[in-house]
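Subject: Structure handover

Hello,

Here is the structure I said I would pass on. Please have a look at it first; my notes follow below.

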Amino acid sequence: NSLWFCAAVTYYILIWNYRGNVFQTNCHGLISGDSCCNPLSMGFIKKLVEQKIPGIYVLSLEIGSSITEDMKNSFFMNVNDQVKLVCDVLSKDEKLQKGYNAMGFSQGGQFLRAVAQRCPSPAMFNLITFGGQHQGVYGLPHCPGESSHICDWIRNMLNTGAYRSAVQDHLVQAEYWHDPLNEDLYRNKSIFLADINQERAINQSYKDNLMKLKKFIMVKFLQDSMVDPVDSEWFGFYKVGQAKETYTLKESVLYKEDRLGLKTMDKAGKLQFLTVDGDHLQFSEEWFITNIIPYLK
């Protein structure tokens with residue numbers, strides 16, 4: 001993931017974030033908006049990485065032609081179409097052709113995992129997910145933009161018909177909605193999460209491609225008020241038939257049957273589990289520099 005040029009090492013990083021979210025670092029107060037290029041959100045992360053790794057090339061993904069369209073698409077653009085778009089962007093970016101490291105924030109975590117599984121070229125080296133919902137969510141306890149009528153509309157759609165085709169095709173959050181009370185319905189009707197988690201069948205290329213990662217780092221926010229259940233950030237979820245008790249990654253069928261290669265990766269030391277004692281996407285600049293920057297070099 002490096003090129004020697006003018007006696008300097010140049011690294012490559014891809015960032016995908018949840019645009020509708022509220023992002024906060026403990027040292028810098030509230031940072032809102034979370035569009036790809038907002039200097040007070042992902043722009044801050046981009047600048048911090050560039051300061052700590054001179055000569056780095058950082059691509060912050062924008063799904064759309066403007067910040068407004070980017071945010072709209074984070075709610076209403078089919079995730080599979082978003083992943084295809086990103087794969088196309090990566091294939092055409094000359095600076096990424098020798099490989100890159102990737103950081104996904106909130107839902108951007110599972111979206112970038114889909115990129116790793118579906119689009120092995122150019123190669124992704126390390127994948128870092130911050131509060132990603134790898135086993136989906138069953139609840140929307142702290143919707144971004146809480147006062148917005150959009151949040152109420154999304155809740156209604158998820159509660160009354162998350163697995164209807166029209167909702168699956170046009171509501172992003174429905175595509176990783178995981179109902180533990182209706183596992184068969186989820187498994188058969190989820191057009192995104194059930195596919196990348198090998199719920200219906202084993203796509204060997206998904207498994208092979210994910211195992212090509214050097215490291216898969218998952219950051220869990222222990223006081224997360226947005227992700228339900230928070231264990232999803234480490235591939236845990238609610239046990240079937242109820243929504244109180246949870247299972248861990250190692251207790252899951254996904255791990256035991258090694259359907260995605262996570263068991264093999266774990267035994268090879270490729271899985272890294274980090275925690276932050278904070279709410280969703282809340283971490284200090286010092287924590288980021290100490291725990292994340294080393295994986296980007």
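I started with helix H4, where 11 of the 12 residues are buried, so the helix is largely enclosed by the rest of the structure. The buried residues are Gln107, Gly108, Gly109, Gln110, Phe111, Leu112, Arg113, Ala114, Val115, Ala116 and Gln117. Please keep in mind that this is a predicted model.

The length of H4 (residues 107-118) can be checked. At 1.5 Å a residue, its 12 residues should span 16 Å, and the C-alpha atoms at its ends are 17 Å apart, which agrees.

H4 packs against helix H3 (residues 79-92) at an angle of about 60°, and the two axes are 10 Å apart. The two helices are therefore oblique to each other. H3 passes H4 in a right-handed crossing. On the H3 side, the residues that meet H4 are Val79, Asn80, Val83, Val86, Cys87 and Leu90; on the H4 side they are Phe111, Ala114, Val115 and Arg118. By class, this contact has 8 nonpolar, 1 polar and 1 charged residues.

Next comes the loop between H4 and strand S8 (124-130), where Cys119 is found. Cys119 has a relative accessible area of 16%, under the 20% cut-off, and so counts as buried. Leaving aside neighbours within four places in sequence, Cys119 is in contact with Cys87 and Ala114. Cys87 in H3 and Ala114 in H4 also belong to the helix contact described above. Cys119 and Lys84 are 35 residues apart in sequence, with their C-alpha atoms 8.7 Å apart in space. Pro122 lies in the loop between H4 and S8 as well, and the peptide bond from Ser121 to Pro122 is cis, with omega near 0°.

A few backbone details elsewhere:

- The peptide bond from Asp228 to Pro229 is cis, with omega near 0°. Pro229 sits in the loop between strand S9 (215-221) and strand S10 (237-238).
- Gln198 is not a glycine, but its phi is positive, near 60°. Gln198 is in the loop between helix H8 (193-196) and helix H9 (204-210), and is buried, with a relative accessible area of 1%.
- Asp258, also not a glycine, has a positive phi of about 50°. Asp258 is in the loop between helix H10 (253-256) and helix H11 (262-267), and is buried at 11% relative accessible area.

For the chain overall, there are 13 helices and 13 strands. Of its 297 residues, 56% count as buried. Among contacts between residues at least 6 apart in sequence, 67% join residues at least 24 apart.

Regards

Terms used
Residues are numbered from 1 along each chain as its sequence is written. This is a predicted model: local features need pLDDT of at least 70, side-chain atom pairs count only at pLDDT 80 or more; totals for chains, interfaces and linings use all residues. Side-chain values use heavy atoms; hydrogens and water are left out. Helices (H or I, at least four residues) and strands (E, at least two) are DSSP runs, numbered from the N terminus. The expected span of a helix is 1.5 Å times one less than its number of residues. Buried means under 20% relative accessible area, exposed over 50%, partly exposed in between (1.4 Å probe, protein chains only). Axes are lines fitted to C-alpha atoms, for helices over the stretch in contact, and angles run from 0 to 180 degrees between N-to-C directions. Angles under 35 degrees count as roughly parallel, over 145 as roughly antiparallel, 65 to 115 as roughly perpendicular and the rest as oblique. A crossing is left-handed if the near helix is turned anticlockwise from the far one by less than a right angle, and right-handed if clockwise. Contact means heavy atoms within 4.5 Å. Ala, Val, Leu, Ile, Met, Phe, Trp, Tyr, Cys and Pro count as nonpolar, Asp, Glu, Lys and Arg as charged, and the others, Gly among them, as polar.
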